[in-house]
Amino acid sequence: MKATDILMSEHRVIEQVIAALEMAANGLEHGVDVRPGFFGDVADFIKGFADGCHHKKEEGVLFVAMSESGVPVQGGPIGMMLYEHEQGRLYTRRMREAAANLSDDPSAREAVLENAFGYASLLKQHILKEDRILFPMADRFIPPAEQEAVAEGFERLEHDETGAGVHEKYLALAAALTQESARYTV
Ligand SMILES: [Fe+2]
C-alpha cells in the first residue's frame, strides 16, 4: 500500500473513535450516565494509536521524507500539523485528568466536555487538511523510489517501537468504544 494510503486508512479508525467520543460527550452533556472510564479509554486509544502508531509515522518518517524532498518544516503546512499534534496531546491529557475526577468533582464534567469536544473538532479538521492538502503534497514531492522507503519506515516503526499485535489491540479498542458509545445516545 502507498505510504499516504496507510495513513489515510488509520485516519478512518481515528474518526471512528472521535465519533464515539462525541456521542459520549453529548450524552454526558445531556445527563446520560456515561461510564467515567470511557473517556480514559478514549485517551488510551489516542495516546497509543493516534499518537503512538499514527503521529509517530507522520512525524518520524513522512514529514522527514517531505522535508528532505524540499517541503519546508517551519512555518509551512508541516509546522502547522506538528503544532496541531501538540494541541491534541494537551486536550487528551486534560480530558484524562478531568475524567478521573468525574465522580466526585462537579467542575470535572465541564472540563471533560470542553476537552473532549475541543479534541474532536481539532482532529476532524486536522485530518481533513492532511487528507486533502498535506498527503497529496507528499505524493507530489517525494520521488517514487523514496515513497517505498517511507512505507518500509512505517513497518519498521510498527515492528520496533510499537510492537507486534499492538495495532490490532487498538483496532479492537476502537470497535469496543464505538459499540459502547451507542448506549449514550441522547
Ligand atoms: Fe494524521
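1. Buried means under 20% relative accessible area, exposed over 50% and partly exposed in between, with a 1.4 Å probe and protein chains only. His 11 has a relative accessible area of 1%, so this residue is buried. Glu 130, at 0%, counts as buried too.

2. This is a predicted model, in which local features need pLDDT of at least 70, side-chain atom pairs count only at pLDDT 80 or more, and totals for chains, interfaces and linings use all residues. Residues are numbered from 1 along each chain as its sequence is written, and side-chain values use heavy atoms, with hydrogens and water left out.

3. The chain has a mean pLDDT (the predictor's confidence in each residue, from 0 to 100) of 94, and 100% of its residues reach 70 or more.

4. The iron ion has as protein donors (N, O and S atoms within 2.8 Å of the metal, or 3.2 Å for Na, K and Ca) His 11 (NE2), His 54 (NE2), Glu 58 (OE) and Glu 130 (OE), at 2.0 to 2.3 Å. Water is not among the atoms, so sites may look incomplete. Along the chain these donors follow the spacing H-x42-H-x3-E-x71-E.

5. His 167 is buried, with a relative accessible area of 15%. Its side chain makes a polar contact of 2.9 Å with that of Glu 158; such a contact is a pair of N or O atoms within 3.5 Å, where within protein one must be able to donate a hydrogen and the other to accept it, and residues adjacent in sequence count only if both atoms are side-chain atoms.
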